Amino acid sequence: MDASRLSPDKARALAEGLVIPAHPLALNADRKLDEKRQRALTRYYAASGAGGIAVGVHSTQFEIRDPGVELYEPVLRLAAEEIRKAELERPFLMIAGVCGPTEQAIQEAETALELGYDAALLSMGGLQDLGEDDLLARTEDIAQRMPVIGFYLQPSVGGRSFSFPFWQRFAEIPNVVAIKMAPFNRYQTIDVARAVCGSSRRDEISLYTGNDDNIINDLLTIYRFKVGEEMVEKPVIGGLLGHWAVWTHQAVQLLEEIKELRAQGGPISPEWLTRNIEVTDSNAAFFDPGNQFHGCIPGIHEVLRRQGLLEGTWCLNPAEQLSPGQMEEIDRVYRDYPHLNDDAFVREHLAQWLAD
């Protein structure tokens, strides 16, 4: 098998729709890697029924790349080791977060390839000095080495806005296999979907939601655009989400329900719109949008801490802490939406996941 391409079974799984959590970083009180709990998190995602994990992404903390920290390779390696040990009988995609200028992105992609990763989630954040042409050339460089999942990141957490022609050209790059749409903006999400529908590669690119503020609605949406004389339809088929780093077992059940609903066709019950609001309200407690998402990583950590998967909410950056009132908001959504959490599932397996 050509390592620069997805295997047929993984390509098929990606196209059918997967739950892909964005993998957090487990630290101890000294803000050092907690290897036991880092492994436990990967075991949790595998056991939950997720179809992949994304490691080295925002939820894993970009500071893992900093001099003196240098955890990029270790956390990717630990996850890869655990997935190999799990011997899963279903396709499972190992996705590496890849970021930085072209030279850094190439180095990270090569590290991921050496560790057996399947695709790169290519961030375009933090590159304000690069124009759209430069970013497209950078994408082509990575795509020549391994499959690429594009990433439209919201500006409030380091992303930027892109033109519709940018996404038209992006979708034509060979070996782009999916795009994670996460601008938290309907107009910009439509730009990506319309560009992919108009692309000669539309049947080769899957649309994944990263809009943690609109998960269920995205997954129920089929985009339809007129391309020439043809009407082209494309669904949002799965999600690659920080929100799905918690309550993952329930997220898997949710996506399966939505897949069944798609297969049946027919009208969608208004109850699904209410469920979307419940998930979005929970996400607000975790992601802290009222404070410009300052507490989004500690918020995820707090849920995992309550479940026993993490020991604390520590981040590499000591300034990243829960915002005032965020703990109470997490209390509230736990109380108001008990059907959304997977605490019972975690309790059942936690000792096994934490075992050496």
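Is Asn317 buried, partly exposed or exposed? In this predicted model, Asn317 has a relative accessibility of 29% and therefore counts as partly exposed, since buried means under 20% and exposed over 50%. The residue is placed in the loop between α11 (296–307) and α12. Beyond its neighbours within four places in sequence, Asn317 is in contact with Gln61 and Glu63. The C-alpha atoms of Asn317 and Glu63 lie 7.6 Å apart, although 254 residues separate the two in sequence.

Asp342 is buried but forms no salt bridge. Its nearest side chain of opposite charge belongs to Arg347, at 8.9 Å. The contacts of Asp342, leaving aside neighbours within four places in sequence, are Tyr44, Trp247, Thr248, His249, Gln250 and Gln307.

The largest nonpolar core holds 104 residues, and within it Tyr117 and Trp167 touch the most other members. Apart from this core lies another, of 21 residues, which includes Ala22, Ala54, Ala119 and Val177. In soluble globular proteins, nonpolar side chains tend to be buried together.

| Residue | In contact with (heavy atoms within 4.5 Å) |
|---|---|
| Tyr117 | Val55, Val75, Leu76, Ala79, Ala80, Met94, Ile95, Ala96, Ala112 and Met146 |
| Asp342 | Tyr44, Trp247, Thr248, His249, Gln250 and Gln307 |
| Asn317 | Gln61 and Glu63 |

How values were computed:
Residues numbered from 1 in each chain as written. Predicted model: local features only at pLDDT ≥ 70, side-chain atom pairs only at ≥ 80, totals over all residues. Heavy atoms only, no water. Core = buried A, V, L, I, M, F, W, Y, C linked by side-chain atoms within 4.5 Å. Buried < 20%, exposed > 50% of the residue type's maximum accessible area, 1.4 Å probe, protein only. Lys, Arg positive; Asp, Glu negative; His and termini not counted. Salt bridge = Lys/Arg side-chain N within 4 Å of Asp/Glu carboxyl O. Helix = DSSP H or I, 4+ residues; strand = E, 2+ residues; numbered from the N terminus.
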